[in-house]
Amino acid sequence: DPSSHFYMTMSLPPLSLVYAGLLIWWRYTIGCMADEQRGQLTDEQQQHRKSKLFMQDRTNTQVATGCLGVILFLIYPGLIQTITDMNTCDTFSFETMNISLVRTDYTIDCLSDRYKTFQLYSAVFVLAYGIGIPISILAMSQVLEYTKGREYEMVTFAFLDKGYRPPCRKWEV
């Protein structure tokens, strides 16, 4: 059912926070190490093992914000494509009539009330995701820079900043 694909795609961004939680748990358990094993390690050994993790010097807030930012950044094109596909109709001409059907689900007539409902949902999601994602990434960046400083913000959003000159930071957003 194409509409279930639509709703599943729209539910992906909150899953990034679940992923962040798993990363934070991974760091806390030093790679799923049992409590007894972790207890036998000295503080120095624990710090050495944690230093090998890719998120070693990140706070939990940075991990969660980074995960959310990366996931939103990666799925953004697919989200927008899924949203716009719900509004695209294919018109078929027959000898006596023309019929217009939703491209992603040929059981929905583009003149039906069901299609109008999909258009309403699509408009809400275009505003929430299409405009909201870029604005929220930029807003999170600005809030972190204002509250924690530029260095903290740059480490958190390294995936958008690395390799770019200062005036070009976050140009993808």
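Helix packing in a predicted chain

The model is predicted, and the values below are computed from it.

Start with the overall dimensions. Taken along the principal axes, the C-alpha atoms fill a box of roughly 80 × 45 × 25 Å. The radius of gyration of the chain is 23 Å, whereas a compact globule of 173 residues would have one near 16 Å. Of the 173 residues, 32% are buried. Among contacts with a separation of 6 or more, 55% join residues 24 or more positions apart.

The next topic is the packing of helices. Two packed helices are described by the angle between their axes and by the distance between those axes. Helix 5 takes part in two such pairs, with helix 2 and with helix 6.

Helix 2 covers residues 12–28, and its axis comes within 8 Å of the axis of helix 5, crossing at roughly 145°. The crossing of this pair is right-handed. On the helix 2 side, the contact is made by L12, P13, S16, L17, Y19, A20, L23, I24 and R27. On the helix 5 side, N60, V63, A64, C67, L68, I71, L72, I75 and L79 take part. By class, this contact between helix 2 and helix 5 has 15 nonpolar, two polar and one charged residues.

Now turn to the other partner. Helix 5 (residues 60–85) and helix 6 (residues 113–148) pack at an angle of about 155°, and their axes are 10 Å apart. How are helix 5 and helix 6 oriented to each other, roughly parallel or roughly antiparallel? An angle over 145 degrees counts as roughly antiparallel, and helix 5 and helix 6 are therefore roughly antiparallel to each other. Their crossing is left-handed. From helix 5, the residues in contact are T65, L68, G69, L72, Y76, L79, I80 and I83. They meet S122, F125, V126, Y129, G130, I133, P134, S136, I137, M140 and L144 of helix 6. The contact of helix 5 with helix 6 has 14 nonpolar, five polar and no charged residues. L68, L72 and L79 of helix 5 are listed in the contact with helix 2 and also in the contact with helix 6.

Y28 belongs to helix 2. Is Y28 buried or exposed? Its relative accessibility is 55%, so Y28 counts as exposed. Y28 and A158 are 130 residues apart along the chain, and their C-alpha atoms are separated by 22 Å.

T147 lies in helix 6. T147 counts as exposed because its relative accessibility is 51%, and the cut-off for exposed is over 50%.

D105 is placed in strand 3, which covers residues 105–109. With a relative accessible area of 10%, D105 is buried, since buried means under 20%. D105 and D85 are 20 residues apart in sequence, and the distance from C-alpha to C-alpha is 9.6 Å.

Note on methods:
Residues are numbered from 1 along each chain as its sequence is written. This is a predicted model: local features need pLDDT of at least 70, side-chain atom pairs count only at pLDDT 80 or more; totals for chains, interfaces and linings use all residues. Side-chain values use heavy atoms; hydrogens and water are left out. Axes are lines fitted to C-alpha atoms, for helices over the stretch in contact, and angles run from 0 to 180 degrees between N-to-C directions. Helices (H or I, at least four residues) and strands (E, at least two) are DSSP runs, numbered from the N terminus. Angles under 35 degrees count as roughly parallel, over 145 as roughly antiparallel, 65 to 115 as roughly perpendicular and the rest as oblique. A crossing is left-handed if the near helix is turned anticlockwise from the far one by less than a right angle, and right-handed if clockwise. Contact means heavy atoms within 4.5 Å. Ala, Val, Leu, Ile, Met, Phe, Trp, Tyr, Cys and Pro count as nonpolar, Asp, Glu, Lys and Arg as charged, and the others, Gly among them, as polar. The radius of gyration is taken over C-alpha atoms; the globule rule is 2.2 Å times the number of residues to the power 0.38. Buried means under 20% relative accessible area, exposed over 50%, partly exposed in between (1.4 Å probe, protein chains only).
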